[in-house]
Amino acid sequence: MYGWLDTFFCSPRAWFVEPGERSLHVTASALARWLPLLGSVVYVPSRAEVDASARWPDGLLSESPLLTPLLRTHYLRVLGIVSADGPREWIECLDACGEILAQLHLLPDTDYLAWDNLPDESQMIASRPELGRSRMFRGAAAHLMRFRCQPLANMLCLGEASPPRISPLGRVVAQAIAGSQPLLVQGLPVL
């Protein structure tokens, strides 16, 4: 019954499987309302300079410059691979031109049902555009975080909830995602 599993781990060609991918169009407000449902994730904003001429979405604010890339998101690309360490899933947030603004990485502590139930207002893109392929993604420091979205007057304000809830396994996975970069919680290194 589990022979396929033994074959998978013994085969040198099975270390990495081609990523599964789907792309969606999403509004920034739907994304801001969906992010708090996820629980703890690893958030990696891009190092690239922000386009100052880009129009801000109406009715949205960010509590921190760290989160502003999420408010410029027009598309989500959902990716997954299976590696020797197990399955990995992440979402790339793309701007209107298709450049990668940020990545959100699934952890064992993330709410899997919320992760699979992408924002209600998102629409699957029929054709597979070459979004975010014009340059390689270079992430800034990885942030272990939970999001919050709260009303402020007639606007929605996206912020960081504290503290992120994470298991020992989640901490190991988060550190592996961060790699050689620092893993931060509310701007401070995780020890």
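Visitor: Where does glutamate 92 lie?

Guide: Glutamate 92 lies in strand 5, residues 86-94. Keep in mind that this is a predicted model.

Visitor: Why is glutamate 92 called buried?

Guide: Its relative accessibility is 7%. Buried means under 20%. The value falls under the cut-off, so glutamate 92 counts as buried.

Visitor: What makes the pairing of glutamate 92 and arginine 77 a polar contact?

Guide: Their side chains are joined at 2.3 Å. The cut-off is a pair of N or O atoms within 3.5 Å, one able to donate a hydrogen and the other to accept it.

Visitor: Which distance joins the side chains of glutamate 92 and glutamine 103?

Guide: That polar contact is 3.4 Å. The limit is 3.5 Å, so this pair qualifies too.

Visitor: Which residues is glutamate 92 in contact with, leaving aside neighbours within four places in sequence?

Guide: They are Tyr75, Leu76, Arg77, Leu79, Ile100, Ala102 and Gln103.

Visitor: On to strand 2. How do you know that strand 2 is largely enclosed?

Guide: Count its residues, 41-45. Five of the five are buried, so the rest of the structure largely encloses this strand.

Visitor: Which way do the residues of strand 2 point?

Guide: Val41, Tyr43 and Pro45 point one way. Val42 and Val44 point the other way. All are buried. In a regular strand, side chains alternate between the two faces of the sheet.

Visitor: What makes strand 2 and strand 8 a pair?

Guide: Three bridges join strand 2 to strand 8, residues 142-152. Pairing needs at least two bridges, so the two strands pair. They run antiparallel. Valine 42 stands opposite leucine 144 in strand 8.

Visitor: How many bridges link strand 2 and strand 6?

Guide: Four, and the sense is again antiparallel. Strand 6 covers residues 100-105. Here tyrosine 43 stands opposite leucine 104.

Visitor: How do you know that strand 9 is mostly covered?

Guide: Strand 9 spans residues 155-161, and six of its seven residues are buried.

Visitor: Which way do strand 3 and strand 9 run?

Guide: They run parallel, joined by three bridges. Strand 3 is residues 60-62. Leucine 60 has leucine 156 in strand 9 as its bridge partner.

Visitor: How many bridges join strand 8 to strand 9?

Guide: Seven, and these strands run antiparallel. Arginine 148 has glycine 159 in strand 9 as its bridge partner. The hairpin of strand 8 and strand 9 has two residues between the strands. There, alanine 153 takes a positive phi near 60 degrees.

Visitor: Which residues touch the most other members of the largest nonpolar core?

Guide: They are Leu35, Tyr43, Leu70, Ile91, Leu104, Phe147 and Leu158, out of 29 residues. Helix 2, residues 28-34, gives the most to this core, with five residues.

Visitor: What does leucine 70 touch?

Guide: Not counting residues up to four places away in sequence, leucine 70 touches Ala28, Leu31, Leu35, Tyr43, Cys93, Ala102, Phe147 and Leu158. A second, separate core has 15 residues, including Ala142 and Leu144.

Visitor: Why is leucine 107 called buried?

Guide: Its relative accessible area is 1%. The cut-off is under 20%, so leucine 107 is buried. Leucine 107 is found in the loop between strand 6 and helix 4.

Visitor: Which residues is leucine 107 in contact with, leaving aside neighbours within four places in sequence?

Guide: Among them are Ser40, Val41, Val42, Leu144, Val173 and Ala174. The C-alpha atoms of leucine 107 and glycine 39 are separated by 9.3 Å. These two residues are 68 residues apart along the chain.

Visitor: How many helices and strands does the protein chain have?

Guide: Five helices and eleven strands. Of its 191 residues, 43% count as buried.

Visitor: What is the mean pLDDT of the protein chain?

Guide: The mean is 78, and 75% of residues reach 70 or more. Among the elements, strand 2 has the highest mean, 93. Helix 1, residues 3-10, has the lowest, 39. Over residues 1-19 the pLDDT is below 50. Where pLDDT is low, predicted coordinates should not be read in detail.

Key:
Residues are numbered from 1 along each chain as its sequence is written. This is a predicted model: local features need pLDDT of at least 70, side-chain atom pairs count only at pLDDT 80 or more; totals for chains, interfaces and linings use all residues. Side-chain values use heavy atoms; hydrogens and water are left out. Buried means under 20% relative accessible area, exposed over 50%, partly exposed in between (1.4 Å probe, protein chains only). A nonpolar core is a set of buried Ala, Val, Leu, Ile, Met, Phe, Trp, Tyr and Cys residues joined through side-chain atoms within 4.5 Å. Contact means heavy atoms within 4.5 Å. pLDDT is the predictor's confidence in each residue, from 0 to 100.
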